[in-house]
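This briefing goes through one protein chain.

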Amino acid sequence: PPQRVSVTVRPGLPMVLAGSAEPCAQLLVSSVGVVGSAEQNRGHSARFFDFLTAELGLGAERILIRFYPLEPWQIGKDRTVVTFL
């Protein structure tokens, strides 16, 4: 759900990808129960790449996506953890 989505953008961050300092982007995706398998992430990756290449004007080779599966007890929210929400 949208109320459980958080986005951080850090423009102008010096980055090197594949040995080049040309413009690039790194997307870190962490989620409970949504990024836990290669099959899930393959679909997410395709959609994220479509969006990022269109919005940022970068080639796919200048974008890196990292997926982090999380457990509900690892996320604190509303003075508790997601396990209890």
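The lining of the largest pocket is made up of 25 nonpolar, nine polar and five charged residues; Ala, Val, Leu, Ile, Met, Phe, Trp, Tyr, Cys and Pro count as nonpolar, Asp, Glu, Lys and Arg as charged, and the others, Gly among them, as polar. This is a predicted model, in which local features need pLDDT of at least 70 and side-chain atom pairs count only at pLDDT 80 or more, while totals for chains, interfaces and linings use all residues. Residues are numbered from 1 along each chain as its sequence is written, and side-chain values use heavy atoms, with hydrogens and water left out.

**Largest pocket**

- The space in the largest pocket comes to about 1600 Å³, a volume being the space filled by probe spheres set on grid points that are joined across faces, edges and corners.
- A pocket is an open set of points on a 1 Å grid over the protein atoms alone, where a 1.4 Å probe fits, with protein on both sides within 12 Å along at least five of seven lines; lining residues have an atom within 4 Å of a point.
- In total 39 residues line the largest pocket, and Ser-6, Val-7, Thr-8, Leu-27 and Leu-28 lie nearest its centre.
- At least two lining residues come from each of strand E1 (25–32), helix H1 (38–56) and strand E3 (76–77); helices (H or I, at least four residues) and strands (E, at least two) are DSSP runs, numbered from the N terminus.
- E1 gives the largest share of this lining, with eight residues.

**Nonpolar core**

- Seven residues form the largest nonpolar core: Ala-25, Val-29, Val-35, Leu-52, Leu-58, Ile-63 and Ile-65.
- Within this core, E1 and strand E2 (63–70) each supply at least two residues.
- A nonpolar core is a set of buried Ala, Val, Leu, Ile, Met, Phe, Trp, Tyr and Cys residues joined through side-chain atoms within 4.5 Å.
- In soluble globular proteins, nonpolar side chains tend to be buried together.

- Ala-25 lies in strand E1 and is buried at a relative accessible area of 13% (buried is under 20%, exposed over 50%, partly exposed in between, with a 1.4 Å probe and protein chains only).
- Beyond its neighbours within four places in sequence, Ala-25 is in contact (heavy atoms within 4.5 Å) with Met-15, Leu-56, Leu-58, Arg-62, Ile-63 and Leu-64.
- Between the C-alpha atoms of Ala-25 and Leu-58, 33 residues apart along the chain, the separation is 8.3 Å.
- His-44, in helix H1, is buried with a relative accessible area of 18%.
- Leaving aside neighbours within four places in sequence, His-44 is in contact with Val-34, Val-35 and Phe-67, and the contacts of Val-35 include His-44, Val-29 and Tyr-68.

**Positive phi**

- Ala-18, in the segment before E1, has a positive phi of about 55° although it is not a glycine, and is exposed at 77% relative accessibility.
- Asp-78, in the loop between E3 and strand E4 (80–81), is not a glycine either but has a positive phi of about 50°; Asp-78 is exposed at 59% relative accessibility.

**Whole chain**

- One helix and four strands are present, in the order β-α-β-β-β from the N terminus.
- The C-alpha trace spans about 45 × 30 × 20 Å along its principal axes.
- Of the 85 residues in the chain, 18% are buried.
- Among contacts with a separation of 6 or more, 57% are between residues 24 or more positions apart.
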